[in-house]
Amino acid sequence: MINLAARDVLHGWGKFLFTGIGLGLLIGTTLTMAGVFRGMVDDGQVLIDNSGADLWVVQQGTLGPYAEPSSLRDDTWRSIAGMPGVADTGNAAYLTIQLAHAGKESRVMIVGMDADRPGRPGAPPYLIAGRPIQQHHYEAIADERAGLRVGERVKIRRHDYTVVGLTRRMVSSSGDPMIFVPLKDAQEIQFLKDNDALINERARTAANPAFNRPGVPGLLEAAQASATQARSVNAVLVRLEPGANPDSVAGEIRRWKRLTAYTKAQMEDILIAKLIATSSKQIGMFLVILAIVTAAIIAFIIYTMTMAKVREIAVLKLIGARNRTIAAMIMQQAIALGLIGFLVGRVAAGLWGPAFPKYVLLLPGDAIAGFGVVMAISGLASLFAIRAALAIDPAEAIGG
Amino acid sequence: MDKDNKPAIRLSGLKKRYGSGDAAVDALKGVDMTVWPGEVVGLIGPSGSGKSTLLKCLGAVIEPSGGHMELAGETIYDGDSDGWKIPDLRALRRDRIGFVFQAPYLIPFLDVTDNVALLPMLAGSDNAAARKRALELLTALDVQHRAGAQVSQLSGGEQQRVAIARSLANHAPIILADEPTAPLDSERALTVVRILNEMAVQYQTAIIVVTHDEKIIPTFKRIYQIRDGKTHEEAGEGREI
């Protein structure tokens, strides 16, 4: 038996192909939306994985350091480092800023890290160019997506920093590239006030009788010095000894240090389930709407193509074609259209995905699921056209 | 024609009523008709006289409201008992009735051979046998040189020949031709009628030609004129083409 669907497609292949390409661009948009969501999840995942930490110790009762503000004294790590099961610790300060460089502005996350040894938790796990930070001030390691080069100087707040190394896939949970600087510099960037504010604050303190008592020398200076010191970090990152139980060590930190400690699994839950929950719902809504629009478009195209063949279908029915022959012709065309659309969409998403400002991750599993959904939508969408075709009266082929 | 054989089609008292009650319209009020194998008869009448309704009843597309209909000696409709006697009307149309329309209505996405071969394929023939039969008919109708062409590449006359070939593809004992010469000029119209006559004799098929075409009416040996839902048999001129 002749494959009527294939013959019809080949007969009008140009129209069919262009329709498939148009549909493919829509499917490509849908796949890209899924890729944006996967990219957000992956950004969160690499943030956790690349930090080199097993535990995140933060201010008590907060979801810090990524989802909520958290502030700890920068010597907190000392008491944690001595606990059983703890192999290493590292202070971390995080701050997202708008960076103006070479005439362009971009959003970056400044990460303050202990620069005394490169292997501390919080330091980038590997470099793709340059060297680790070796000085305690004004050196930086940047993620390649920040657009900086080794040796370049970049102004961050009041000071110029020399980029000494580049790293890869070190991004915030929002996908902003990270710039690593020594902890002291990050503390200054994050907590230190500008000169005008400092003068103003000193004057206020001097005007406060509680800090400027007659006969108490040194009190005012001590109070003013305290106000201008930046001694806080956002989190202490903890690497555990091999075999140590993360839940048990986290429990000990919570119990004895009056701090909150999160394990990797808990941090994943905070970053992926809580921090990007609204965004993922938003993208989920887009995906549902795009799937409905895709289904409606396939249904409309197939319906229109079928209705353009009313006379041929009437003749086929009159000369004895079975309903299933006609239904198969329509369904096969819908499936073929969906197949072309999916292939074009997958290629299009792969081509334009890297041009997106944030990471777009196209997973093979999503592509397979997307293929299944497109095929199911195509099949279901063809039912309207099949219903209409089967309702065509063979008598329409006969005049009168 | 061998009148010892059974008629290809025999109608007696065939009726068709559309609607019911006060809105009922009797399109056919008792049609009698007998057509023999190898015979081409004309069915003429003014617009609205019931020609198309009769054609649709003959083609098992609509169900008559009464009367009796035989195809090659087999009762296919009996208004006095249960109506259709054939459970699968689609198969009846496919295997035993050929259709030629006013416009050829070929399937535009199939080539000439496959347009003809489609019918045997729908009836279950394998592709090779169906295409062999198609080429045989295309040769008989002198369009074998267009066998691989697309429908859109054919002239109107060639398309109508292919449509006739399709109607013959399943060895149907009866062919219903609905205004088959309407879109053609005189010469081509007469050629189509000549072909129908030749095919009727060659394949012993009864052909009923519904027409308004004054050019071809004189060529029929027998004519059924339909007026007010009833047929009146007349002798035609049977003019040689």
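Visitor: How much area is buried between chain B and chain A?

Guide: The size of an interface is often given as the accessible area lost when the parts come together. Here, in a predicted model, about 2,500 Å² is buried between chain B and chain A, with carbon and sulfur atoms giving 66% of that. Buried area is the accessible area (1.4 Å probe) that two parts lose on being put together, summed over both. R90(B), F109(B) and L122(B) supply 29% of what chain B buries against chain A, more than any other three residues.

Visitor: How many residues are in contact there?

Guide: Contact means heavy atoms within 4.5 Å. By that rule, 24 residues of chain B touch 27 residues of chain A.

Visitor: Which residue forms a salt bridge with D114(B)?

Guide: A salt bridge is a side-chain nitrogen of Lys or Arg within 4 Å of a carboxyl oxygen of Asp or Glu. R7(A) pairs with D114(B), their closest N and O atoms being 2.6 Å apart.

Visitor: Which element gives the largest share of chain B's side?

Guide: Helices (H or I, at least four residues) and strands (E, at least two) are DSSP runs, numbered from the N terminus. Helix α3(B) gives the largest share, five residues. Chain B's side divides into 13 nonpolar, three polar and eight charged residues. Ala, Val, Leu, Ile, Met, Phe, Trp, Tyr, Cys and Pro count as nonpolar, Asp, Glu, Lys and Arg as charged, and the others, Gly among them, as polar.

Visitor: How many salt bridges does the whole structure have?

Guide: A search over all chains finds 24. One of the pairs is R231(A) with D74(A), at 3.2 Å between the closest N and O atoms. This pair links distant parts of the chain, 157 residues apart: R231(A) is in the loop between α6 (219-228) and β10 (232-233), and D74(A) in the loop between β2 (72-73) and α3 (76-81) of chain A.

Visitor: What should I know about the numbering and the cut-offs?

Guide: Residues are numbered from 1 along each chain as its sequence is written, and chains are lettered from A in the order in which they are written. Local features need pLDDT of at least 70, side-chain atom pairs count only at pLDDT 80 or more, and totals for chains, interfaces and linings use all residues, while side-chain values use heavy atoms, leaving out hydrogens and water.
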